[in-house]
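Biologist: Could we walk through this one together, question by question? Please spell out the cut-offs as we go.

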Amino acid sequence: MKGIFVMLLILASSVQADSPAFTSRAAIGSLNGEQIYDHICQGCHMPGGAGAIAAGTYPKLAANKKLVSWQFVALTVLNGRNGMPPFGQPVHHEQSRATHLTDAQIADVVNYVRSHFDNNFKTTVTSKQVTGLPHPTAELMGPQ
Amino acid sequence: MGNGEGSGSLSRRALLQMIGSTAGSAAMYQAMSSLGFAAESTYPGPTELPGAPKGASILILGAGMAGMTAAFELRKAGYKVQVLEYNARAGGRNWSLRGGDSYTEMGGLTQQCQFDKDLYINPGPWRIPYHHRGMMHYAKLLGVPLEPFLQVNYNAYLHSSHAFGGEPQRFREVKADYHGHVAELLAKATRQNALDASVTKEDQEMLLESLRQWGALDGNYTYVASDAVSERRGYTKNPGGGLSARPVPSKPVALGDLLGSGLWEALTNGDVFDMQTALFQPVGGMGRIGEAFGRELNPLIRYNSKVTEIHQDDTGVTVTFTDSRTAGPEQTLRADWCLCTIPLPVLAQIPMNVSQSLTSAICAVPYAAAVKVGLQFKRRFWEEDEHIFGGITYTDLPIMNIGYPNTGFQSGGKGVLLGAYMWGMNAMQFTAMTPQERVQKVVDYGSQIHPQYHKEFDNGVAVAWHRAPFTMGCFGMWTADTRSKHYDDLCQIDGRIALAGEHASFLGGWQEGAVTSALDAIGRLHTRAVAQGRA
Ligand SMILES: Cc1cc2nc3c(=O)[nH]c(=O)nc-3n(C[C@H](O)[C@H](O)[C@H](O)COP(=O)(O)OP(=O)(O)OC[C@H]3O[C@@H](n4cnc5c(N)ncnc54)[C@H](O)[C@@H]3O)c2cc1C
């Protein structure tokens, strides 16, 4: 697992050189956990995991006790819930509007949010553990 | 091909179908039709709801197109109507950002729109196809004038950063060359008898003649530079008058280059039912419809009201709300019935005592990411330098679309264009940026197509729909599977509560879906109310 993780980091740094705030669709697969948070998750959960409240709420991820369960976090990212879109969908064609991250990336971003923003959960999750969880099929994009 | 009948005429039809699908790939239809399905509106004509029970009341949640359509018709039918709306304005996603407006997105970042007077962008809906009869009806009824929306502009660009050295190509050239080469190939196959098994000899003659016409082929059925071809793809030097009159024909691009460029993918955008001429936009911005509706219903709408709980019992519905600006003390309103048009990402978080099947349906529809960026330039260089009047340029850059204003042609002064309209992962990433970063990036990318960008740029605004405080997304993404599991449950009346809105329609991502779903829901609510009398 570690090997993949290191490889991701190397690929990702070349991506970073290209453009700090934007990555082509083709290169999204090489973002690491922190980069995924900055490029994608913070669109809703805001920088620093601060969350936001308007007509509805994007939950604060900072100092969030619910993150104690890695399964909860990983399942949320894989399958989405309510206003949170699923990220574990199968890959579609190039112009697809689907949002897709690999299991390794999901593991990495789960580890990232559980160990940052005043969260201090020690256990880490592997790509293989994420693979073991239920994923959405092409047809099923809603929550479980 | 071939569904077992095998007659000569059927295989001809199949052949023509094949031509059609080569020219207009089905995959592209899906990818680029962008919002909505090619479904005809079910708008039934002006609504009649006779015999409303005396004194019957209804609470409508949300003053978007769905909520206001319902409010208008139910008031007319004699119901006591009240509308609760989160925003300080009517319209919901029907909205225009104009000079002087300010917009605060989730997370608290505020943008002041610095466009000149009368210049605007539509951050949400921007086009109304002629067959969206409900929208056409209410625009007319409200006295909102329409003007053409140019979906297809032959002089706008198709652009691939990987083809033709990154040089944008005119739509006209790509279309003419694609048709010309395909016609030539098909003519060749026909003349080499490759189609003998599927097309009769007689029909082959017709086919050849039609290919010559369709593709602008010469007498030998080849696609080569000629006056006829230039009449399609344009001239190197246009014909004129007097001594400098003589036109210079242009040269087609080779088939291999064209196929490899992928630019053919965008050719069929205007062939999709929802995008076929004629399309319209309200004069002055899409938001004119919501504004007019708001004025019409004025005393009924309570603005700045954030619904926080919906509770029904045997005799009515109680809705709890707070002031959306101050989150002040909770207040309640009560009515016999409730029509809820709150977008699903928001509604999913509002406590409401309805059946498990409806709750599951509400949670089953994630909302798409979308970002639109409006850019003001010091002059209308796309018109002055490039002769592009309205319409859309398509690109493989993250900005995906550039929309030129379909109004104010040749006017002096500044101009505003839509610098980006993006979806999917592109939009997600732009959502994660600050508005300033979004605008900056869009100017950078756009300058690859219009080198004038950096010199002429004035200011811009960027709306990322996942950060829109009142919808938390662009539109509901249904799939065949979630539709079959949840759609009917979502639309079913639950006790005294019914849902309506774009999400409760087969016209997802279209205002017509909001209008027709509202009319459908109030028709059913009305039947129930009449059956039950007042209580
Ligand atoms: C980028 C984009 C492009 C589009 N392009 C087109 C197009 O070209 N043509 C077209 O026809 N359609 C287009 N659409 C779709 C169209 O905008 C929608 O289908 C339509 O406007 C939805 O109307 P609605 O009434 O269902 O929802 P909305 O307009 O979202 O109305 C819902 C209302 O509920 C209010 N609300 C939310 N939460 C609460 C709460 N807690 N309490 C009280 N009120 C609340 C909101 O403020 C809002 O006013 C586009 C949409 C987007 C985002």
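**A helix, its cover and its chain**

Biologist: Which residues of H3(A) are buried?

Modeller: Helix H3 spans residues 70–79 of chain A and is mostly covered, with seven of its 10 residues buried. Buried means under 20% relative accessible area, exposed over 50% and partly exposed in between (1.4 Å probe, protein chains only). The buried residues are A:Trp70, A:Val73, A:Ala74, A:Thr76, A:Val77, A:Leu78 and A:Asn79.

Biologist: Happy with that. What kind of model is this?

Modeller: Residues are numbered from 1 along each chain as its sequence is written, chains are lettered from A and ligands numbered from 1 in written order, and side-chain values use heavy atoms, leaving out hydrogens and water. Local features need pLDDT of at least 70, side-chain atom pairs count only at pLDDT 80 or more, totals for chains, interfaces and linings use all residues, and what we have is a predicted model.

Biologist: Which helices are included in what covers the buried residues of H3(A)?

Modeller: The cover is judged by contact, that is, heavy atoms within 4.5 Å. Just after H3(A), A:Gly80 takes a positive phi of about 70°. As for the cover, it includes two helices of chain A, H4 (103–114) and H5 (127–131).

Biologist: In what order do the elements of chain A run?

Modeller: Helices (H or I, at least four residues) and strands (E, at least two) are DSSP runs, numbered from the N terminus. Chain A comes to five helices and two strands. From the N terminus on, they run α-α-β-β-α-α-α.

Biologist: What share of the residues in chain A is buried?

Modeller: Chain A has 144 residues. Among its contacts with a separation of 6 or more, residues 24 or more positions apart account for 54%. The buried share of chain A is 53%.

Biologist: How many disulfides does a search of the whole structure find?

Modeller: A disulfide is taken as a pair of cysteine sulfur atoms within 2.5 Å. For A:Cys44, which is buried with a relative accessible area of 13%, the nearest cysteine sulfur is that of A:Cys41, 8.8 Å away, and A:Cys44 is in no disulfide. Over all chains, the number found is zero.

Biologist: What is the hand of the crossover from E1(B) to E2(B)?

Modeller: E1 (57–61) and E2 (80–84) of chain B pair in the parallel sense over five bridges, and B:Ile58 has B:Val81 as its bridge partner. The chain crosses through helix H3 (65–76) of chain B as a β-α-β crossover. With the strands pointing away from the viewer, a clockwise path from the first strand over the helix to the second is called right-handed. This crossover is right-handed.

Biologist: Which residue in E14(B) is the bridge partner of B:Val83?

Modeller: E2(B) pairs in the parallel sense with E14 (residues 301–302) of chain B over two bridges. One bridge joins B:Leu84 to B:Arg302. The partner of B:Val83 is B:Ile301.

Biologist: Which residue in E17(B) stands opposite B:Thr318?

Modeller: An open sheet of three strands in chain B has antiparallel pairing and the order E15-E16-E17. Five bridges join E16 (residues 317–323) to E17(B). Opposite B:Thr318 stands B:Arg334.

Biologist: Last one: what distance separates the centres of domain 1 and domain 3 of chain B?

Modeller: Domain bounds come from an automatic or database domain assignment. For chain B, domain 1 is 36–87 + 288–365 + 476–534 and domain 3 is 171–253. Taken over C-alpha atoms, the separation of their centres is 54 Å.

Definitions and conventions. Two strands pair if DSSP finds at least two bridges between them.
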